[in-house]
Amino acid sequence: MLLVFIQMNGQVNEFQNKIQFQYGVAPSLGKHQMETYEYGMGKTFQALGMPSSFRVDYLNSRFTYFEVSSITDVAVYERLHLVDFQIETTKDFSNGWNVLFHLNPQLSSNFSTGLGAEDVILGFGLGISKKWNKSALTLGLERSTTLGRPQLLPFMRYYQKINESVNLQLGFPHSCIEYLVDQRHKIAVHSMAEGNYYNITGSSYFTELGDISDSKLNFSSFNFSLEHQYKIQPNITTITQIGLLANNRLVVEKSNGDSLFTFNTNESIYFSMGLQFNLNKNENDQ
């Protein structure tokens, strides 16, 4: 998910037993603007004796388009919704080896005519991991919208706990370095590929193509950001990010992937802020 959602298969510290709200804005995607509102909740549990986690996120993206003379009505591309479910489980073996599996169904659409089969995207992934004392290496394959259109992609992460204050993760689609300043402040630098793929119901009139209905909106980007977390009390944390969205693509497509129209986009600074509530009140996780 774009801007504020850091994927579970890419985090240094996974989003567990927490509720989060975050608002983000990219004021200049070319001549366009994007606002995002995200609500998320994550929970860990045991399934058949295996450590597992469940997460659900709702992302409301609001695009404002300027000077798009080729489309007479862009309203169907302005208010977009993504409901993202993710279940991950890990099977531990001896000598630090484990196998992980995640299932990631999504509802992704403008929902202008209700819910249909075309609004559903099924994502999944399978990987293997080797853990050492302060490091771990994970390799796998997943079906995701990381680059926009749903497709099979490799994922890789190498995690290293450098010391009590610094964690490092290198990989695809997400790399990150975290620095714990003190008990209240944490700083992180992120670099990640991310994308969304929306089913567009309703129709718009294109000057060169005529009336087009039942299209797709393919959005992908590379996100470079600086994040600051401040624990204002043991179970409430503020999250502030400033970053750059680069190599942005915003394309209207047919269901078969043929491009119909490409919005003029370029690099954009973005800003986001939000609150995170810890559900493990007796643990006060960092």
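**Entry 1**

I began with Arg55, which is buried at a relative accessible area of 4% (buried is under 20%, exposed over 50%, partly exposed in between, with a 1.4 Å probe and protein chains only). I am reading a predicted model, where local features need pLDDT of at least 70, side-chain atom pairs count only at pLDDT 80 or more, and totals for chains, interfaces and linings use all residues. Residues are numbered from 1 along each chain as its sequence is written, and side-chain values use heavy atoms, with hydrogens and water left out.

Which residue does Arg55 meet in a salt bridge? I found Glu38, at 3.8 Å from N to O (a salt bridge is a side-chain nitrogen of Lys or Arg within 4 Å of a carboxyl oxygen of Asp or Glu). Glu38 is buried too, at 2%. Arg55 sits in strand S3 and Glu38 in strand S2, so the bridge ties together parts 17 residues apart in sequence (strands are DSSP E runs of at least two residues, numbered from the N terminus).

**Entry 2: the other bridges**

I searched the whole structure and got 5 salt bridges. One of them joins Glu118 and Lys216, with the closest N and O atoms 2.9 Å apart. Glu118 lies in the loop between S5 and S6 and Lys216 in strand S12, 98 residues apart. Glu118 is exposed at 51%, whereas Lys216 is buried at 6%.

I also noted Arg149 with Glu253, at 3.4 Å from N to O. This pair links the loop between S7 and S8 to strand S13, across 104 residues. Arg149 is partly exposed at 25%, while Glu253 is buried at 6%.

**Entry 3: the nonpolar core**

How many residues does the largest nonpolar core have? I read 26, and those with the most contacts inside it are Phe63, Tyr65, Tyr77, Leu217, Val252 and Phe263 (such a core is a set of buried Ala, Val, Leu, Ile, Met, Phe, Trp, Tyr and Cys residues joined through side-chain atoms within 4.5 Å). The strands giving two or more residues to this core include S1, S3 and S12.

**Entry 4: aromatic rings**

I then checked Tyr77 and Phe263, an edge-to-face pair at 6.4 Å centre to centre with 70 degrees between the planes (rings of Phe, Tyr and Trp, its six-membered ring, pair if their centres lie within 6.5 Å; planes under 30 degrees apart are stacked, over 60 edge-to-face, the rest tilted). Tyr77 is buried at 0% and Phe263 at 2%.

Note on methods:
Helices (H or I, at least four residues) and strands (E, at least two) are DSSP runs, numbered from the N terminus.
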